[in-house]
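This report describes one protein chain for a reader who has its sequence and structure at hand. Please look at both before reading on.

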Amino acid sequence: MSDKLWIFDTTLRDGEQVPGCQLNTREKIVVAKALEELGVDIIEAGFPISSPGDFNSVLEISKAVSNPIICALSRAVEKDIEVAADSLKYAKKGRIHTGIGVSPYHIQYKLRSHPDDIVERAVKAVKYAKHFVEDVEFYAEDAGRAELDFLARIIEAAIKAGATVVNIPDTTGYCLPEQYGAIIRYLKENVSNIDKAIISTHCHNDLGMATANTLAGVQNGARQAELTINGIGERAGNTSMEEVVMAIKCHHGIDVHTNIQTPKIYETSRLISKLMNMPVQPNKAIVGRNAFAHSSGIHQDGVLKHRENYEIIDPKEVGVHESSIVLTARSGRAALKFHLDSLGVELEGDALREVYEDFLVLADSKRDIGPKDLLSLVGKYLDDSSFIELEKVSYESNGNIKAKVTLKVGDKTYEAKSEGNGPVDAVLKAIAKVVKPDIVLEEFLIQAITAGSDDVAKVHMRLMQGEKPFYGFASNSDIVLASAQAYVDALNKIPVKDKVIVA
């Protein structure tokens, strides 16, 4: 049977150190509960000595979750450790994470000390933390640039003092995978009491090596990995949890297993992105919007014939309902037919070939090909009376937010009014009074694509009808109008038979 890899999530501590991503205590509890459902083993809930807010968050998270170990960070300072211990008083399972810098850079320039003193301070900190909790993790900060004989010496001393976990951080993201793996292997072979503690990885992404370094550490004997959702963290970020977990799941040669419930990965990623106001880059592995999107005709044809031709992960394994076949000038007939079928237009032979030739001409001159474009291409084959056009949007605020929309559905024009919590909410509710399929707005993302007071915003929406997603896109300097256009764009991608015109 494979070994267990303990998943240590530091989204709420190292991840939250990203400028502009701070969460309040209520939001941190929401995240902690989501991490518990995801199956993480340890939640590093904060750095209690740093602020009253951080202390209170660790305290409240300790009350709110039951299964994960709750970890509090401290420096190798008695007051830090005392405050960390106090913050964990309600934890069902508590851990103090204390440590000190071990590289020549940290010893000489940051701590202005010498190696013997560093070892003494490390031992003293671990022993003091053991007065409060049994589970003590020692971190050797900047271990990635430490001298190996000194690193082995301080790790051995920390374990002897009572450390149950020893964390070997590549704090600056300096190491190459072979180097980092060699550090873990060296400790396994040269620390006499290493069997009395779990070795942990904690890798940063300054050179884009965090996931590779973490996996190299695991392959060489580490059995805890310190990670964040979406790879958020200081500077270029930390190791991405979803990447490590899915790499292990895909490669059976990495003989470890985790408790992560992978179908919850996508929703947890989106929760973190939303609460921290930090969009996930579209091409981000596993959880990016384009992670399961295909635009090349060769790839599209391969995926439609057999998913594993171009996907090593079933999207459902990480909570994504299905792959996306995106229409571009590089798309082939298989992709075009796939989209036409979804609109209820079934073409074969010469008819499909003719429409495909027209499609290529259009796709060469237009970036996004939507349902309206496809319906115009197949107009002579189909009289569609359900296509929605957004003709007018207006809204006002006199205490209550009120919106009015004018929609053209087929050859009929409708008007609808609604109130909402804000102008976007009011406008979308007004549209839903005209066209109301059974949908849920699952994702709503606004990104600036220009700079200045006349900023143009791009809106991305994901609507769910049962388990099927429909995506809408629009850009406009008016965010409300862009939101309405994206919503209508997604509605138009819903098959004709599933639309309900209620006006």
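## The barrel

Strand S6 (residues 135-141) and strand S7 (residues 165-170) are parallel partners, joined over three bridges. Strands and helices here are DSSP runs, numbered from the N terminus: E of at least two residues for strands, H or I of at least four for helices. Two strands pair if DSSP finds at least two bridges between them. Opposite Glu-137 stands Val-165 in S7. The model is a predicted one: local features need pLDDT of at least 70 and side-chain atom pairs count only at pLDDT 80 or more, while totals for chains, interfaces and linings use all residues. Residues are numbered from 1 along each chain as its sequence is written, and side-chain values use heavy atoms, with hydrogens and water left out.

S6 and S7 belong to a closed barrel of eight strands, in the order S2-S3-S4-S5-S6-S7-S8-S9, with parallel pairing. On average, neighbouring strands of this sheet are turned by 25° against each other, direction ignored. Axes are lines fitted to C-alpha atoms, for helices over the stretch in contact, and angles between N-to-C directions run from 0 to 180 degrees. Helix H6 lies across strand S5 (94-101), S6 and S7, at about 165° to S6.

## The largest core

Which residues have the most contacts inside the largest nonpolar core? They are Ile-70, Phe-138, Leu-151, Ile-154, Ile-155, Ile-168 and Met-241, in a core of 93 residues. H6 (residues 148-161) gives the largest share of this core, nine residues. At least three residues come from each of domain 1 (3-275) and domain 2 (293-381); these bounds come from an automatic or database domain assignment. A nonpolar core is a set of buried Ala, Val, Leu, Ile, Met, Phe, Trp, Tyr and Cys residues joined through side-chain atoms within 4.5 Å. Buried means under 20% relative accessible area, exposed over 50%, and partly exposed in between (1.4 Å probe, protein chains only).

Residues up to four places away in sequence aside, Phe-138 touches residues including Thr-98, Ala-122, Ile-154, Ile-155 and Val-165. Contact means heavy atoms within 4.5 Å.

## Helix H2

Helix H2 (residues 52-64) has 13 residues and reaches 18 Å from its first C-alpha to its last, close to the 18 Å expected at 1.5 Å a residue. The expected span is 1.5 Å times one less than the number of residues. Asp-54, Ser-57, Val-58, Leu-59, Ile-61 and Ser-62 of H2 are buried. Their cover includes helix H1 (25-38), strand S3 (42-46), strand S4 (69-75) and helix H3 (78-87).

## The open sheet

An open sheet of three strands runs S13-S14-S15, with antiparallel pairing. Strand S13 (388-398) and strand S15 (412-420) are its edges, each pairing on one side only. Strand S14 (residues 400-409) pairs with S15 over nine bridges in the antiparallel sense, and Val-409 stands opposite Lys-412 in S15.

Two helices lie across strands of this sheet. Helix H16 (residues 479-491) lies across S13 and S14, at about 145° to S13.

## Leu-441

Leaving aside neighbours within four places in sequence, Leu-441 is in contact with Leu-428, Met-461, Arg-462 and Leu-463. Its C-alpha atom is separated by 27 Å from that of Leu-304, 137 residues apart along the chain.
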